Amino acid sequence: MSAPGRHTTPSLLIIFLTAFVDMVGFGIIIPVLPYFAEHYGADGLMVGVLTAVFLVMQFLSAPVWGVLSDRWGRRPVILVCIFASAGSYILFGLAKSLLWIFVARMIGGLFAGKFSTIQAYIADVTTRENRSRGMGLFGAAFGLGFIVGPAIGGLLGRYGYDAPLFFAAALAGLNGAVALFMLPESLNEETRGQTACQVWTRLGFRATREVLGRPVVMASLLVGAVFNFAFSMLYSTFALFTEREFGFHTEETGYVFAYIGVIGAVIQGGLIGRLSRRVGEMNMIKGGLAMTAAGMFFLGCTDHLTLLAAAVTLMAAGSGLLTPALSGLVSLNTAEEQQGQVLGLMQSVANLARMTGMIFGGYLFETISIWSPFWTSSLILCCGTVYAVLQLRSDHRLERLNYAGDSHG
């Protein structure tokens, strides 16, 4: 299947299914990792480190996978990464020490960089007018994965911490098999027709500097970094917080993350297209930051399940608005032949922010208080909202780039 599948609904549906199933496997680990690591003596800070190492490798690999997909096509990169992820889940499930878990997460992160390639695939098969809607479908796959994945992880955690991981491995293998036979290539031969030497040149500093020289891309990267740094404190501390404050374990934590997924799926799957046309990506970004900041603040004040649910709802809604809007805005201001490279760079910056945020959140959790990561996150997000208001002004819309010969135009 080498023919590109441009502008076709079937291609978009297949990549949606691929992203969804892959995200289910990723989501299965979320409620399991803190307790698995704690079983081998990890504290809050070490849980943050074990979570962050995954993102370190994703940070390093995402732009490489993105550029390679620009050269050789999206399909082979996606297939290699899916099957390799299955192997990382098996290794994780067999872990007998923190070091073993650390290595398994490194390998998993190395091949998790494919998400930028999946975003580039969506950019290939959508028009410029529908780009944010396409990114919203990608976000919906994430959201649905967060519904199913953490719930499965929480339920299977009853049978041992390794059971969810082996299930994730089997699911990834099945996903790879389906993609192998059903996922078409999205990038045409002309776009891929550059030399291998050019590929490695684009991985260099000069190419990165050129990308960062675009005001809208630079502002979006900074906003994304602030958001991901602050929001990632939730992932490294939430399970331990609810365990100590409410007595939660894998099952209850899985249900909470599944609820986050429901909110994200409703917003990104059904509302993003209409919202992007009505209020624009920049206003969605600002609103998403403000809502997430409010949710984090309330989470830091919660002592009751009702307030916990309200805080989580605000955070999920804010994230659901912001994430596809950022990706859509960057994609709309990027040349067709650089979609993989730029979205890969965006994911790398986000992952670097998540990595440091998780470690910092774990540090605050262990050294100050179990509520301090959420208050700190809220303050950072408030600063990010102010920056977004100043840099992404709706009354002076940043001009979307037009490229000669762009078939999306």
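What share of the contacts in the protein chain with a separation of 6 or more comes from residues 24 or more positions apart? The figure is 87%. Keep in mind that this is a predicted model.

**Whole chain.** Start with a cartoon view. The protein chain has 17 helices and zero strands. Switch to a surface. Of the 409 residues, 58% are buried.

**Helix α4.** Select residues 74–93, which form helix α4. Pick out Ser-85 in this helix. Ser-85 has a relative accessible area of 5%, so it is buried. Now show Phe-111 and Lys-114. Ser-85 touches both, leaving aside residues up to four places away in sequence.

**Aromatic pairs.** Next, show the aromatic side chains. The whole structure holds 10 aromatic pairs. Go to Phe-36 and Phe-92. Their ring centres are 5.5 Å apart and their planes meet at 5 degrees, so this pair is stacked. Phe-36 sits in helix α2 (residues 33–39) and Phe-92 in helix α4, so the pair ties together parts 56 residues apart in sequence. Both Phe-36 and Phe-92 are buried.

Move to Phe-297 and Phe-298. Here the ring centres lie 5.8 Å apart with the planes at 65 degrees, so the pair is edge-to-face. Phe-297 has 43% relative accessibility and counts as partly exposed. Phe-298, at 35%, also counts as partly exposed.

How values were computed:
Residues are numbered from 1 along each chain as its sequence is written. This is a predicted model: local features need pLDDT of at least 70, side-chain atom pairs count only at pLDDT 80 or more; totals for chains, interfaces and linings use all residues. Side-chain values use heavy atoms; hydrogens and water are left out. Helices (H or I, at least four residues) and strands (E, at least two) are DSSP runs, numbered from the N terminus. Buried means under 20% relative accessible area, exposed over 50%, partly exposed in between (1.4 Å probe, protein chains only). Contact means heavy atoms within 4.5 Å. Rings of Phe, Tyr and Trp (its six-membered ring) pair if their centres lie within 6.5 Å; planes under 30 degrees apart count as stacked, over 60 as edge-to-face and the rest as tilted.
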